[in-house]
Amino acid sequence: MKTAVTRPQAQVDEKTGTGTPGGGPLPDIPDPRAVAPRDARQLSRHFFRRLAEVEEGTYEYQYARNTLIEMNMSLVRFAAGRFRGRGDDMEDVVQTGMIGLIKAIDRFELSREVEFTSFALPYIVGEIKRFFRDTTWAVHVPRRLQELRVELAKAREELSSRLDREPTVAELATLMNIAESEVVEGQIASNGYNSSSLDAALTGEGAEGGEAVLADFIGVEEHGLRLVEDFHALAPLMAGLSERDRRIIHLRFVEEATQAEIGERLGCSQMHVSRLIKRIITRLREGMLGELGCA
């Protein structure tokens, strides 16, 4: 994360003057990131005090705020180290932690009488956890299920070491004091954390085993799905037919009545019913082709 370049104290004094209330000028720190953590804690108190005294938006305010950010970047690296091994780019984790650090600096007050490190770490860790919660799941699931997945993993590890086998759903539910249905729900939700590409190569076993892709082994083509668009295109065309034409279509294709039976109900010949059905179907077909841009 890029922060504004800290300005030498001479430039700060030149812009704001040295007669600021409540203490002397801020020390010039050429490389705040190189300050040792112990020294950073002591210097941070002085910079926070001056940050509360000077007017926001001035050069001295920006210098104090930016120096605080850079001096305390070691807190972000420390917090980010707890999340190693999750398969994510650590640079992204550190960048996210920097957001928490900046929020902590903007909200910290010396009157709280607590160390800034104790105040800032929950902000930094909270931002990193939010990052994992919102971005690392392949399929978004409710926060309740995300937290349940973590608790399930802890319970499964504990029972596996205790029983020397994989625990059952009932055993997990008893240990966690929840219903078995919640355990099953959490296990299903865990499948959404990681995903595999349908183009992922799979290597077969044996002499005849070759390479294939995952898509070859899951799912089948559902031909009925093709009818969905047809039904949506047909609906307004059916609505545009007359009441008699809709009744004829209903009798023929829903009730599966014969043309002779339809003629008896309508009081016309079977031949006339045949011509009517042909005319209605031709009209619907032309409307469908027109919807597809093929007319």
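Visitor: How many salt bridges does the structure hold?

Guide: A salt bridge is counted where a side-chain nitrogen of Lys or Arg lies within 4 Å of a carboxyl oxygen of Asp or Glu. The structure holds 14 of them. Please note that this is a predicted model, in which local features need pLDDT of at least 70 and side-chain atom pairs count only at pLDDT 80 or more, while totals for chains, interfaces and linings use all residues. Residues are numbered from 1 along each chain as its sequence is written, and side-chain values use heavy atoms, with hydrogens and water left out.

Visitor: With which residue does R50 form a salt bridge?

Guide: The partner of R50 is E60, and their closest N and O atoms are 2.9 Å apart. This pair links distant parts of the chain, since R50 belongs to helix α2 and E60 to helix α3, ten residues apart. Helices here are DSSP runs of H or I with at least four residues, strands are runs of E with at least two, and both are numbered from the N terminus. R50 and E60 also take part in a network of salt bridges together with E53.

Visitor: Is R50 buried or exposed?

Guide: A residue is buried under 20% relative accessible area, exposed over 50%, and partly exposed in between (1.4 Å probe, protein chains only). R50 is buried, with a relative accessible area of 1%. E60 also counts as buried, at 3% relative accessibility.

Visitor: Which residue does R265 meet in a salt bridge?

Guide: The side chain of R265 meets that of E255, at 3.2 Å from N to O. R265 lies in helix α12 and E255 in the loop between α11 and α12, so the pair ties together parts that are ten residues apart in sequence. R265 counts as partly exposed at 46% relative accessibility, and E255 counts as partly exposed at 42%. A further salt bridge joins R165 to E171, with 2.6 Å between the closest N and O atoms. Here R165 is partly exposed, with a relative accessible area of 40%, and E171 is partly exposed at 24%.

Visitor: Which residues of helix α8 are buried?

Guide: In α8, which spans residues 169–176, the buried residues are L172, A173 and M176. They cover an arc of only 100° around the axis, which puts them on the same side of α8. The arc is taken over the directions from the helix axis to the C-beta atoms. Among the elements that cover these buried residues are α7 (143–163) and α9 (180–190); contact means heavy atoms within 4.5 Å.

Visitor: What follows α8?

Guide: The helix is followed by N177, a residue in the loop between α8 and α9. N177 has a positive phi of about 60° although it is not a glycine. At 70% relative accessibility, N177 counts as exposed. E256 is another residue other than glycine with a positive phi, near 55°. E256 is found in the loop between α11 (243–253) and α12 (259–266), and it counts as exposed at 62% relative accessibility.

Visitor: Which residues touch the most other members in the largest nonpolar core?

Guide: A nonpolar core is a set of buried Ala, Val, Leu, Ile, Met, Phe, Trp, Tyr and Cys residues joined through side-chain atoms within 4.5 Å. The largest has 37 residues, of which F47, L101, I105, F116, I124 and I128 touch the most other members. The elements that give two or more residues to this core are α2 (37–53), α3 (59–71), α4 (73–80), α5 (90–107) and α6 (116–135). Leaving aside neighbours within four places in sequence, I124 is in contact with L75, V76, A79, G97, G100 and L101.

Visitor: What does the secondary structure of the whole protein come to?

Guide: The protein has 13 helices and two strands. Of its 295 residues, 31% count as buried. Among contacts between residues at least 6 apart in sequence, 55% join residues at least 24 apart.

Visitor: What is the mean pLDDT of the protein?

Guide: The pLDDT is the predictor's confidence in each residue, from 0 to 100. Its mean over the protein is 80, and 79% of the residues reach 70 or more. Over residues 1–22 the pLDDT is below 50, and this stretch has 42 contacts in the model beyond near neighbours in sequence.
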